[in-house]
Amino acid sequence: MRASLTQPLPERERHAMTVEEIAAALAGLAPRLAAGATGIAGLTLLTGGASMQTWAFDATGPDGATALILRRRGQAVASGEQLCLGAEAALIRAAGAAGAPVPGVVLVSDVDEALGEAIVVGRLAGETLGQRIVRSPAFAPARSLLPAQCGAALAAIHAIPPGTVAGLPARNAAETLAFYQRAWVRDPLPRATIAAAFRRLAGTVPAPVTPRLLHGDFRTGNLMVDPDRGLVGVLDWELAHLGDPAEDIGWLTVNSWRFGGAGEAGGFGGLDPLFAAYSAAGGAPVSAQRVRWWGAMGSLKWAVMTRTMYLAGGGGVERAVIGRRLSECEADLAAWLGSADE
């Protein structure tokens, strides 16, 4: 199945909706959401960012309730870096067919339909809060499973045909570095650590590899985890693109996504079992050196993103807090610059 990356907006903007309008639209779609459903209940906003909202609700009927998640866009796609939800749905279905744990896609709504640009998926049971996953004693059984499970899931994702979604952006290591360097030079406050990281990464750029489909944001916080069973769902596909498979693994190792955990892989475990499971599941060989480069690139990327979001303004306290995290990235990059790794 192929899906387009973006969709044109209709003449009448239909992204902005009240809670009552969303509830009414879902109620009208109830028979398509679950067998025998006649309405909905318990509509609750989980996150409501500037461009994306996530709601939990139940489709209800005489035979009971079906737990579901609605993801809908609150405004138009801001850039080509963010997939439309129809493209996300196509990727989720493809990932499920490839063997990755994902929620089932129940419904896809276009921008010109009553619900606006949205998808409805099955609601998985588990935890996404990074600190609980990497620190809580209750999640110790999951932490013993997660590295291998993540390796197998990434191998399945990277095996998805790149043409599943048409028009996905593609960047190799050199192009990724150049992209974020262009974004950084617009910053009015140059910082020595960031400049040094750009120089070192430029001198150690990995050679291009055959681009594969990447999740693009595979990290603790975007993984649904059960305390005993481990990984039950890979979420948030809006940054999927084509590139080096080591990029996905490197992003998982970024210190910002370890949430205080000791494990190099997402704060929950080591990389060796992840590499072993990745290879056993058919993933092409990925060297630890490439992953280290992409891990440092990930810290630098997040540094640029935090500063960019802060400078963009309009986000109040949330954007200010994100901007503060630039100092964390600088500390991580300083440690990497002081290491012997190339």
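Here is a short chat about a cavity and a helix in this predicted model.

Residues are numbered from 1 along each chain as its sequence is written. Local features need pLDDT of at least 70 and side-chain atom pairs 80 or more, while totals for chains, interfaces and linings use all residues, and side-chain values use heavy atoms, with hydrogens and water left out.

Colleague: How much space lies in the largest cavity?

Modeller: A cavity here is a set of points on a 1 Å grid over the protein atoms alone where a 1.4 Å probe fits but cannot get out. The structure holds one of 30 Å³ or more. Counting the space filled by probe spheres set on the points, the largest cavity comes to about 80 Å³.

Colleague: Which helix gives the largest share of its lining?

Modeller: Lining residues have an atom within 4 Å of a point, and they include Thr176, Asp217 and Lys301. Helices are DSSP runs of H or I, at least four residues, numbered from the N terminus. Both α7 (245–253) and α9 (288–312) supply at least two lining residues. The largest share, four residues, comes from α9.

Colleague: Why is α2 said to be largely enclosed by the rest of the structure?

Modeller: Buried means under 20% relative accessible area (1.4 Å probe, protein chains only). Leu85, Glu88 and Ile92 are among the buried residues of α2. It's largely enclosed because the buried count, out of 14 residues, is 10.

Colleague: What follows α2, with a positive phi?

Modeller: Helix α2 covers residues 85–98. Next comes a residue with phi near 110°, and that's glycine 99.

How values were computed: On a 1 Å grid over the protein atoms alone, a cavity is a set of points where a 1.4 Å probe fits but cannot get out, and a pocket is an open set with protein on both sides within 12 Å along at least five of seven lines; lining residues have an atom within 4 Å of a point. The expected span of a helix is 1.5 Å times one less than its number of residues. Buried means under 20% relative accessible area, exposed over 50%, partly exposed in between (1.4 Å probe, protein chains only).
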